[in-house]
Amino acid sequence: MLHRPGVTQNLARFVVAARWDDIPETIRHEAKRALLNFFAVALAGCRASPIEIAMQSLAEFSNLRQAIVIGRSERMDGLSAAFLNAAGANAFDFCDTHVPTVIHPTAPVAPALLALSELRPVTGAELLLAFILGVELECRIGRAISPGHYTKGWHITATCGVFGAAAGTGKLVGLDDPRMVWALANASTQSSGLCECLGWPAKSMGVGNAARNGMWSALLAEKGFEGPPEPIAGVQGFLNAMAEPPDWSALTDGLGETWELAQNAIKPYPCGFVIHPFLDCVLDWRRRHASDVIERVVLRGNPLLSDRTDRPHISTGTESQVSVQHAVAAALALGKAGLDSAVATIAAQIELTTQDGTTHRLSTPAARGSPANPMTDGDLEDKLRTIAASWQPGYDAAPLIDAIWALDRSEDASRLLALTVPR
């Protein structure tokens, strides 16, 4: 059995000690980009059927109206708002992706911090710092057990996201070293989420729980709710329970010097990120060959392509988000949207055979939105504007966009949520 004392303590100490001045300007900017995208996808998902059902169910157990549910006029208790905003952001699989782990880093962390900003005074710089640190922890823990953890069937956004929400919330409430360890311990025992649920509303439940339970873990620790001293690397801790030989260096090497947000990708398409490079290829080809009739399509990509998106027979919209067959066929039809393990998740190779017998070979080394081929700030603003226009016709997204870019200068981080209440 594994046992490496001091791993959780080192991570907790890092979060507690980190200061805004420690964060490079490039990472501060990436944090704002992630939040800009988060509000776009949260507005997209705020009225999805699973969110309606979850809100009705949660409302039966709480009459508190503490925090805003993004894109809606209703308010909920803080923990339920964190759940709903995380689940809503993840509903259409349109949220950002940490390329090395395929964690969607923002959806579990940002909702917890935003909910807390309505319960206690939080400045914009404080929220951004807590967000960056939460993402750092969830992604480092994810790196330590990747890729085996995901391929075993664990939904890594949920299982590791709870640590990010706990660390970020703990930072905002000012936990000391021992209590930060307790927060991570409380999070570790609530880590769960299964890839079997991909393509179904149940998938977003794990992400919502990661935000809610991570937030609650830190608030419990603040009140003295104790946990073991080594919940991550203990004999029966998180890493051992997951039965994946860990990459120990991923947990602490370069901590505070390199930042996981630098490896964040932001999606231009609402589907699993491993599908994106294929959509890039076929959409570009379709624009040049609009009248060609296609007889055969062959895809070559990362093993995750077959592990998670080989779904030729689908019957629901949510299943289509994780079906490469549907995504490529729809892109070719509409014009919009065993394999070598050395192929990156952001790369793709495609062979299209048209009716005249011609074979067209397409490839891309880096999907649009990936760190190697990122969406521009303007692209992100346009994504938010487009989604906001569908959410509420006539809505002016400019104040929200401006508030996110200026968040580090804001004295009240909760103002962001107020800008998403429908009028």
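**Exposed and buried sites, helix packing and cysteines**

At a relative accessibility of 55%, Gln355 counts as exposed, where exposed means over 50% relative accessible area, buried under 20% and partly exposed in between (1.4 Å probe, protein chains only). The model is a predicted one, in which local features need pLDDT of at least 70 and side-chain atom pairs count only at pLDDT 80 or more, while totals for chains, interfaces and linings use all residues. Residues are numbered from 1 along each chain as its sequence is written, and side-chain values use heavy atoms, with hydrogens and water left out.

Gln355 is placed in the loop between β6 (348–354) and β7 (359–364); strands (E, at least two residues) and helices (H or I, at least four) are DSSP runs, numbered from the N terminus. When neighbours within four places in sequence are left aside, Gln355 is in contact with Val293 and Glu295, contact being defined as heavy atoms within 4.5 Å. Thr157, by contrast, belongs to helix α8 (residues 156–173) and counts as buried, at 1% relative accessibility. With its neighbours within four places in sequence again set aside, Thr157 is in contact with Val102, Ile103, His104, Pro108, Val207 and Ala210.

Helix α10 (residues 202–222) is made up of 21 residues and reaches 30 Å from its first C-alpha to its last, which is close to the expected 30 Å, the expected span being 1.5 Å times one less than the number of residues. Of the 21 residues in α10, 15 are buried, and the helix is thus mostly covered. Gly224, which follows α10, has a positive phi, near 100 degrees.

Two packed helices are described by the angle between their axes and the distance between the axes. Helix α2 (residues 25–45) packs against helix α17 (residues 377–391) at an angle of about 20 degrees, with the axes 8 Å apart; axes are lines fitted to C-alpha atoms, for helices over the stretch in contact, and angles run from 0 to 180 degrees between N-to-C directions. The two helices α2 and α17 are therefore roughly parallel to each other, a description applied to angles under 35 degrees, whereas those over 145 count as roughly antiparallel, 65 to 115 as roughly perpendicular and the rest as oblique. Among the residues that meet are His29, Arg33 and Leu36 in α2, and Asp377, Leu380 and Trp391 in α17.

The count of disulfides comes to 0, a disulfide being a pair of cysteine sulfur atoms within 2.5 Å. Cys195 is in no disulfide, and the nearest cysteine sulfur, that of Cys197, is 8.9 Å away. Cys195 is buried, with a relative accessible area of 4%, and Cys46 is also buried, at 3%.
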